[in-house]
Amino acid sequence: MDQWITAHKIPLGGWLQNGLDVLNDHAEGFFDFISLVLGALINALLSGLLWFNPIVLLVLLTIGTYFLHRSIALAIGVALGFLLVMNLGYWQATMETLALVLCATLVSVAIGVPTGIAAAHRPWLYTVIRPVLDLMQTIPTFVYLIPTLVLFGLGMVPGLISTVIFAIAAPVRLTHLGVSSVPLQLHEAGQAFGATKRQLLWKVEIPYALPTIMAGITQCIMLSLSMVVIAALVGADGLGKPVVRALNTVNVSMGFEAGLAIVVLAILLDRVCKWPERRLKGTR
């Protein structure tokens, strides 16, 4: 019986391969356009980060952190963290990683937040996309590196696309959770004052759900950063490259230093991006 089942295998892999071949044959211009736009976005952000002298940018980030949090300890932590990265010689790689993470977060939020709002207003839509979100979060990341590599080639763009696929589920889920959890009394109060659906969205639902949405954005940033090493396998620049190089050459010191730079960047981004959530919870 098991041999009969195996002999009549469903050709899922072949169907996917045929689909990729069709896309390459008939939509090559479309994917080239996407690659051009996303590549320009990453390059523009990276050029802006590298335009500053590292010391000047470090000072600006430290001052900005202090005025954002009013915390001297956090500002000193940001300064010491980036000084350590600079001392290890990974400043440019860190800026490349930061540019990739910020671009991936921007794309994920631009798609995920509206999708989450629409799903909260249309339960059938969330029922449809929930299995897709589960698949995006559970499928091994190396699996969808292959189609992105085939469609977009080597470079930062396939790394960005793979990162977005992995991270976009967080803003979709948490935006849906925040908007759908708005109390009925708030809706009724807004309707009693004659608010339209658009006014209810912007003046009732989004302000109430904003802490949850910000938590989704923070989680999206962390998930994007966790894809740094994976994205390096398809040619993306950043801190993932020295980690992969150290793995291939069994270079313990290089791997530890590059990994430490990733940890420092992750901690700093987490501390900075959690502020809006705490502030909004305190004022809601």
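Predicted model: local features only at pLDDT ≥ 70, side-chain atom pairs only at ≥ 80, totals over all residues.
**Stop 1: H2 and H8**

Start by selecting residues 12–26, which form helix H2, together with residues 141–152, which form helix H8. These two pack at an angle of about 20°, and their axes lie 10 Å apart. Angles under 35 degrees count as roughly parallel, so H2 and H8 are roughly parallel to each other. Their crossing is right-handed. Now show the side chains: on H2 you want Leu20, Leu23 and Asn24, which meet Pro147, Val150 and Leu151 of H8. Sorted by class, the residues of this contact are five nonpolar and one polar, with no charged residue.

**Stop 2: H4 and H5**

Next, select residues 54–69 for helix H4 and residues 72–88 for helix H5. At what angle do H4 and H5 pack? The angle is about 160°, with 8 Å between the axes. That makes H4 roughly antiparallel to H5, because the cut-off for this label is anything over 145 degrees. H4 and H5 also cross in a right-handed way. To see the contact, display Pro54, Ile55, Leu58, Leu61, Thr62, Thr65, Tyr66 and His69 on H4. Their partners on H5 are Ile72, Leu74, Ala75, Val78, Ala79, Phe82, Leu83 and Met86. The contact of H4 with H5 has 13 nonpolar residues, three polar ones and no charged ones.

**Stop 3: H3 and H6**

Move on to helix H3, residues 28–51, and helix H6, residues 91–121. Here the packing angle is about 135° and the axes are 9 Å apart. H3 is therefore oblique to H6. H3 passes H6 in a right-handed crossing. From H3, pick out Leu38, Leu41, Ile42, Leu45, Leu46, Leu49 and Leu50. These meet a set of H6 residues that includes Met95, Leu98, Leu102, Leu106 and Val107, and also Gln92 and Glu96. Of the residues in this contact, 15 are nonpolar, one is polar and one is charged.

**Stop 4: along H6**

Keep H6 selected and centre the view on Val109. The helix bends there by about 25°.

**Stop 5: H12**

Finish with helix H12, residues 197–226. How far does H12 span between its end C-alpha atoms? The span is only 38 Å, whereas a straight helix of 30 residues would span 44 Å. Zoom in on Leu210, where you will find a kink of about 55°.

Methods: Residues numbered from 1 in each chain as written. Heavy atoms only, no water. Helix = DSSP H or I, 4+ residues; strand = E, 2+ residues; numbered from the N terminus. Expected span 1.5 Å × (residues − 1). Bend = angle between axes of the 7 residues up to and from the residue. Axes fitted to C-alpha atoms, helices over the stretch in contact; angles between N-to-C directions. Parallel < 35°, antiparallel > 145°, perpendicular 65-115°, else oblique. Left-handed = near helix turned anticlockwise from the far one by under 90°. Contact = heavy atoms within 4.5 Å. Nonpolar A, V, L, I, M, F, W, Y, C, P; charged D, E, K, R; others polar.
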